Amino acid sequence: MNHTPHTLASLCAAFFILLLAAFPSLAQTPANPQQNWPAPLEGDYTVRDFHFQSGETLSELRLHYRTLGKPLKDATGRTTNAVLILHGTGGRGDNFLQPIFAGTLFGPGQLLDASKYFLILPDNIGHGKSSKPSDALHARFPRYEYADMVALQHELVEKGLGVNHLRLILGTSMGCMHSWVWGETYTDFMDALMPLACLPVQIAGRNRIWRKMVIEGIRQDPGWKNGDYNVEPRSALEISADFLIIAGGAPLHMQEDFPTRDAADKYLAATMARFTSTLDANDFLYAVDSSRNYDPSAKLETIKARVMYINSADDFINPPELGIAEREIKRVKHGQFVLLPVSEQTFGHGTHTHAASWQTYLQQLLAESANPN
């Protein structure tokens, strides 16, 4: 198999962008792919006096977003073509503006053709160009959680962009979990949900343990200084990078990319240096901790939208042997679960951003949800 190394001109603290840097096989695209999707429009929406689930408030909160295409409404004023695409932990909306995702979906004649759909790619609170701890407040920033993030996404979509209905919500990793929360909280707001790479239950077992290890590893670093550091705490960054590398890795591709001890050691040293030079300890701590109260399992029967739910069998974070996805999808009235077997076309947890791996299922979902009533 031929691997094309992915060169990062500007490495940021985004989970999948970090994974692309870590594993050359994750970015199997031509050296100079032609962009076939339009340039996005960027903007900021300001939310005032937002009340968090924790009881904390922010007088002013910035939500950054990117959009492609234009919204359309029917004779009743209902938005008919809006698609909300939600990123993962530590990510941002422009993670999707790369050939393996946008180049497969957003171009002319493709499934989410930007000339036909209104595509919304937000930076969640705590991420990207939206308000986050590293802006100024550090550890005094409100402890947001998934319920807050979804409420803010809804406000951005409805009040900020004037969209009153979504044709589809597609979410990856953390965004996958957000899509379950959307389906239960705003049951009539969308026609279809496509959760990619998560489980619709409380985060427990190994998934909770590695998150808690990261959280405590950051907090217990003396250099963290209760979040008021002037220099990034070295040990905190290293433990964060350790888990990003392992949790996002695909054993098959790691073995192929680094087939000797020396190759693996060289990769680890170089990747650790890149990761620790770009991560912010507070931002990553908050992002990982925001999953603490996630648990959509009690209300899965209330979801009205058609659901196409996909995991891959080589996903460290959501291992198939748990059997949870197969069990829980039976409770979703219009739900289907697909487990992608391990192959050259799966990339561990990062399979969620390789649209070629699952686009046939997106095509099926769009067809089946075309006339939801």
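Which residues does Ser357 touch, not counting residues up to four places away in sequence? The close-ups below start there. This is a predicted model, where local features need pLDDT of at least 70 and side-chain atom pairs count only at pLDDT 80 or more, while totals for chains, interfaces and linings use all residues. Residues are numbered from 1 along each chain as its sequence is written, and side-chain values use heavy atoms, leaving out hydrogens and water.

**View 1. Ser357 and its contacts.** Leaving aside residues up to four places away in sequence, Ser357 touches Leu340, Gln345, Phe347 and Thr351 (contact means heavy atoms within 4.5 Å). You'll find Ser357 in the loop between β8 (335-340) and α11 (359-368); helices (H or I, at least four residues) and strands (E, at least two) are DSSP runs, numbered from the N terminus. Ser357 has a relative accessible area of 17%, so it is buried (under 20%, using a 1.4 Å probe and protein chains only).

**View 2. Helices α6 and α8.** Here the axes of α6 (residues 234-247) and α8 (residues 261-276) come within 9 Å and cross at roughly 120 degrees. Axes are lines fitted to C-alpha atoms, for helices over the stretch in contact, with angles running from 0 to 180 degrees between N-to-C directions. Among the residues making the contact are Leu237 and Ile245 of α6, plus Tyr267 and Phe275 of α8.

**View 3. Trp182 and its surroundings.** Not counting residues up to four places away in sequence, Trp182 touches Leu84, Leu86, Val150, Gln153, His154, Leu166, Ile169, Thr187, Phe189 and Met190.

Methods:
Buried means under 20% relative accessible area, exposed over 50%, partly exposed in between (1.4 Å probe, protein chains only).
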